[in-house]
Amino acid sequence: MTQPLLEVRGLTAFYGDFQALFEIGFSVAEDETVAIIGANGAGKSTFLRVLTGLHASVGQDIVFSGSQIAGISADRVHKRGIAMVPEGRRLFPSLSVEENLLIGASGGRDGPWTLDAVYDLFPDLTSKRRNPGTALSGGQQQMVAIGRALMSNPKLLLCDEISLGLAPKIIKDIYAAVPRIHDLGTSIVVVEQDVGQALAVADRIYCFQEGRVSLTGTPETLTRADIAKAYFGIDEEEAA
Amino acid sequence: MVWINALLQGVLLGGLYALFAAGLSLMFGVMRFVNIAHGDFIVVAAYLMMTSVLIAGVNPFVGIGLVVVIMAAAGYLGQRFLLNRVLGKDILPPILVTFGLSIILQNALLEIFSADSRRVQTGWLETASISLNDVVALGLLPILMFVAALAVLALLQWIFYHTALGRLLRATSDDAEIVPLMGGNNAHIFALATMLASGVVAVAGVLLAMKTNFDPTAGPARLLFAFEAVIIGGLGNIWGTLAGGIVLGVAQTIGAQIDTGYQVLAGHLAFLAVLVLRPRGLFPKTIG
């Protein structure tokens, strides 16, 4: 196997005295889509926050694109090529759709993702470019949030719960963009509570449970029972 | 007719108050940070102008540029290396630190320049006026100061809505936590905001120095006027701040027209009236 794009070893994180992550090992290869599944409070979002530098980790071993990024600030992680679509979208309310997208490009790298490319990916946004970002529907806001992250031309895109609170049809539209993002050379990590969606989109799955990786594998090799056990911490057969 | 005169004088005075307020509003808007030393920074700028023009003999126009550059640079460095260290969820540390700065600045000015009132003379400009009729005459200096205030506010508006820096400052004002996810360095952005605010403070201080007498203890009253103008106008709205400044200025000149002793009181009463009737100000920010 070639050198992974991202490799994490022994990552531990705390909120005060509360330990949120325990010795996490994780990797993403070039051109790979990886899904992280798990129940609320399993540590998925915390893990993404640590990767982006928003939250401090204890284990100092996060190698991205061949260099150590543990402990460096979020803006510098971004410049190295990691972008995140935060949970809840968090568009800037006083900025228009286009300004929200342009903010994403500040300090980013050159590459295929431009305003035109984002509007091409999400044509719904074209007519809304002058509207305040938060005046859009939930699905369109999510498109802006993804476009904003893409504008920096990241090597790795982290998506935190992008289907949360959206109608199934909208979720389908948003996930339809994933292969196109992939084709332009960006690896993707999606944090997802919808297991079916995660299995459909990912090359590999990590399941988090109470701050630990409880299961890894490919969608083809994982059984429903494995996932249920890793997800909820109970054996389906025992539960039955 | 004397009331119309008072009204017009108040409008012109409002431009200066809007400048006092703009810097304060900008820092609060971007960093949620109340700078208690804001008025003292204005007075420091006034003393810098006085020192460069009267003592160092610099051309007044060069002097203005010099004061703006010095204040902006000091603003950037002060924010980056001092105030950023106390910014956080707790609003008390920045208030305490800037309160301390206020005391230090007042005493330093007292030590250096004594307690005497000072003023930067503007020569023939001081007496030049445009007479509209027998009663109403507008001083040329107040008119120029009002125009300067409008120009500075227009420049701020342009920076905020038509430049990448303005976009970044508005985004930081909305949600500073995730701006680093877009590659923004908050410590640098905060320092740029203070740099911009300090540039405005510099112009306000220069205008103050030309308009009226000042002494080392003149800062807190300017801070109060700035607060009142911001609250009257509504937070986060540059033209609202101008309106706030004008309402305060007009209230003061109308008060002074009734009785000289009522000048400051009338301004405070107008402020209280707005607080009671429209607690979010006359032109509150509608988004966010």
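1. Two strands are said to pair if DSSP finds at least two bridges between them; strands (E, at least two residues) and helices (H or I, at least four) are DSSP runs numbered from the N terminus. In chain A, A:F14 stands opposite A:Q19 in β2(A). Strand β1 (residues 6-15) of chain A and strand β2 (residues 18-28) of chain A are antiparallel and share seven bridges. Two residues lie between β1(A) and β2(A) in this hairpin, and A:G16 in the turn has a positive phi of about 60°.

2. The model is predicted: local features need pLDDT of at least 70, side-chain atom pairs count only at pLDDT 80 or more, and totals for chains, interfaces and linings use all residues. Residues are numbered from 1 along each chain as its sequence is written, while chains are lettered from A and ligands numbered from 1 in the order in which they are written.

3. On confidence, pLDDT is the predictor's score for each residue, from 0 to 100. Chain B averages 92, and 99% of its residues score at least 70. For the complex, the predictor gives an ipTM of 0.89 and a pTM of 0.90.

4. Chain A contains 10 helices and 10 strands. Its radius of gyration is 18 Å, close to the 18 Å that the globule rule gives for 240 residues, so chain A is as compact as a globular protein of that length. The radius is taken over C-alpha atoms, and the rule is 2.2 Å times the number of residues to the power 0.38. The C-alpha trace of chain A spans about 55 × 40 × 40 Å along its principal axes.

5. A residue is buried if 20 or more other C-beta atoms lie within 10 Å of its own, exposed if 12 or fewer, and partly exposed in between, with C-beta atoms placed from the backbone. Buried residues make up 47% of the 240 residues in chain A.

6. Two residues are in contact if their C-beta atoms, placed from the backbone, lie within 7 Å. By this criterion, 17 residues of chain B are in contact with 22 residues of chain A. Within chain A, of the contacts between residues at least 6 apart in sequence, 67% join residues at least 24 apart.

7. Leaving aside residues up to four places away in sequence, B:L19 touches B:A149, B:V152, B:V200, B:V203, B:A204 and B:L207.
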